[in-house]
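This briefing is organised by topic for use alongside the displayed model. Please consult the structure while reading the points below.

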Amino acid sequence: MVAHVSTVAFQGVDVVDVDVQVQMGAGLPAFTIVGLPDKAVGESKERVRAALNALGLALPPKRITVNLAPADLAKEGSHFDLPIALGLLSAMDVLPDDTLARYTALGELSLDGALAPVAGVLPAAIDASARDRGLICPAAQGGEAAWAGELDILAAPDVLALVNHFKGTQMLSQPVARARHERAPAAPDLRDIKGQETAKRALEIAAAGGHNLLMSGPPGAGKSMLAARLPGILPPLSAAEALEVSMIHSLSNTLPEGGLMTARPFRDPHHSASLAALVGGGTRARPGEVSLAHRGVLFLDELPEFSRQALESLRQPIESGRAVVSRANHHVAYPARFQLVAAMNPCRCGHLDDPALACSRAPRCATDYQARLSGPLLDRIDLHVDVPAVSAADLALPVPAEGSAEVAARVSAVRELQRRRYAGPVEGQAILTNAEADGEMLDSVAAPDADGKALLTEAAEKLKLSARGWHRVLRVARTIADLDAGDADAPVRRVHVAEALSYRRVAPGH
Ligand SMILES: Nc1ncnc2c1ncn2[C@@H]1O[C@H](COP(=O)(O)OP(=O)(O)O)[C@@H](O)[C@H]1O
Ligand SMILES: [Mg+2]
């Protein structure tokens, strides 16, 4: 007889059903797992054996075969421990086969039989709910699973609790979705920043329209400080976005315990981050920083210090909103619609424009340093701002009247206006911000008036704007007009185009 337990494998954010089949037959005692297990799955034998021992059960001296079907799909991760253990218990007649049939199970076992958290509980729960099944998962993740909606969840602290539940001796209670997480502890306020009005304005435009931003200036001018204040002016995730973002964080096991992500993600990987850490993949398929920043911000401080390969790998996700990770014999894709915010010094010593402080190699060192960033990458950044050193006079200024709360209110109003503008009939292609508008859509919503068009045409020739550059200027101009008018139908005028153009990078030699 073969015992069956359902579990899942993940392909990007998609869930694939996996059938765990356990057979105990005559023959020399052996315990094998087949069906393309990776190392973590292979090692699950030892954890399962120990966990059963902890229950006072020994594996029978038979030939035990565990098959993970479909056999041609690679199985990764430690969440197969629990379904394998349940399959064995069922094959040993400790658990009735028919009750298990209504559940999808996932969880990692410790040697003492306790269930440890695993990646992917939320997508697994959503899939189980869609198929009218229940879910068995580690106790710590019951709250996470409960977000999937109406489904029967058994969140067990250990295998013993599950056995008791199925025997009817001690029932597990249904976990509840916990109240949405409180907002993160108050983000630092824009009020702390003296001067830097241009940079603050650019930060507001970037936040309002979801545009990419690059700040360049000497050390200590406040670039990192400005970026750290971005989460404080971004609106929280909508309910639909929260679920979408939480799915990705569930897959990398970075979800706050039991909660859904509600604050917009803000990811700031160090410049030593590897390519795999940045865009995903590596020995195990995991979402990278670009996907963890989905619907939020990816902040790259000291941009030129990132490896060239890592920087170039960002181009494709920026353009398509998806990070494609290649595996041994196929590709998986994770959503990666993030806003890139970056900061850099103009040269290695950082004091290019200050003859008193600049090193002896200026301006050569600056050319070398900036050359680490490729043209195509820079072309994808809509807003380039210089953040000059703060003067003593600026530092002595009183605290600015306007802080994050006021800016956040304007950003939130403009985001709402964009949501209404793009909430159209286009199914499955949800545009939420001006930064995502493209092609015909962009032409119809961001067409400037005659004066604006004349200015843009003239500038395009002078600045040698690429077609991409042209569209990026239009998107920024649309956001500036939105901030200006607060009305979705207000036209993009010459002043808006002019301001958008002022944030374009002027290519060297122009
Ligand atoms: N515009 C500013 N207003 C007030 N303090 C500032 C400003 N710019 C820099 N500082 C001070 O200098 C420190 C370093 O700023 P930081 O943002 O790390 O600079 P950068 O990233 O440009 O090198 C901050 O922690 C803050 O104390
Ligand atoms: Mg800094």
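Helices (H or I, at least four residues) and strands (E, at least two) are DSSP runs, numbered from the N terminus. This is a predicted model, in which local features need pLDDT of at least 70, side-chain atom pairs count only at pLDDT 80 or more, and totals for chains, interfaces and linings use all residues. Residues are numbered from 1 along each chain as its sequence is written, while chains are lettered from A and ligands numbered from 1 in the order in which they are written. The protein is divided into domain 1 (2-167), domain 2 (190-423) and domain 3 (437-510), with bounds that come from an automatic or database domain assignment.

**Ligand shell**

- Helix α9 (residues 223-228) provides the largest share of the shell around ligand 1, namely 3 residues.
- There are 14 residues around ligand 1, of which Lys194, Gly222, Lys223, Ser224 and Met225 come nearest; a residue is near a molecule or strand if its C-beta atom, placed from the backbone, lies within 6 Å of it.
- The shell around ligand 1 comprises 6 nonpolar, 6 polar and 2 charged residues. In this classification Ala, Val, Leu, Ile, Met, Phe, Trp, Tyr, Cys and Pro count as nonpolar, Asp, Glu, Lys and Arg as charged, and the others, Gly among them, as polar.

**Parallel sheet**

- An open sheet is formed by 5 strands in the order β11-β12-β15-β10-β16, with parallel pairing; two strands pair if DSSP finds at least two bridges between them.
- β11 (266-267) and β16 (383-386) stand at the edges with a single partner strand each, so one side of each has no neighbour in the sheet.
- Strand β10 (residues 213-216) runs parallel to β16 and is joined to it by 4 bridges; Met215 has Val385 in β16 as its bridge partner.
- Helix α8 (residues 197-209) lies across β10, β15 (339-344) and β16, and runs at about 160° to β16. Axes are lines fitted to C-alpha atoms, for helices over the stretch in contact, and angles run from 0 to 180 degrees between N-to-C directions.

**Domain 2 and domain 3**

- The centres of domain 2 and domain 3, taken over C-alpha atoms, are separated by 22 Å.
- In domain 2, 19 residues are in contact with 17 residues of domain 3, contact meaning that the C-beta atoms of two residues, placed from the backbone, lie within 7 Å.
- On the side of domain 2 that touches domain 3, the elements giving two or more residues are α8, α16 (375-379), β16 and α18 (404-422).
- The largest share of that side, 8 residues, comes from α18.
- By class, this side of domain 2 has 10 nonpolar, 4 polar and 5 charged residues.

**Helix packing**

- Helix α20 (residues 450-463) packs against helix α22 (residues 494-502) at an angle of about 25°, with their axes 7 Å apart.
- α20 and α22 are therefore roughly parallel to each other; angles under 35 degrees count as roughly parallel, over 145 as roughly antiparallel, 65 to 115 as roughly perpendicular and the rest as oblique.
- Asp451, Gly452, Leu455, Leu456 and Ala459 of α20 make this contact with Arg494, His496, Val497, Ala498 and Leu501 of α22.
- Helix α5 (residues 121-130) and helix α10 (residues 239-251) have axes 7 Å apart and pack at about 120°, and are therefore oblique to each other.

**Backbone features**

- Ala69 and Pro70 are joined by a cis peptide bond, with omega about 0°; Pro70 is found in the loop between β4 (63-69) and α3 (81-91).
- Asp93, in the loop between α3 and α4 (97-100), has phi near 65°, a positive value in a residue other than glycine.
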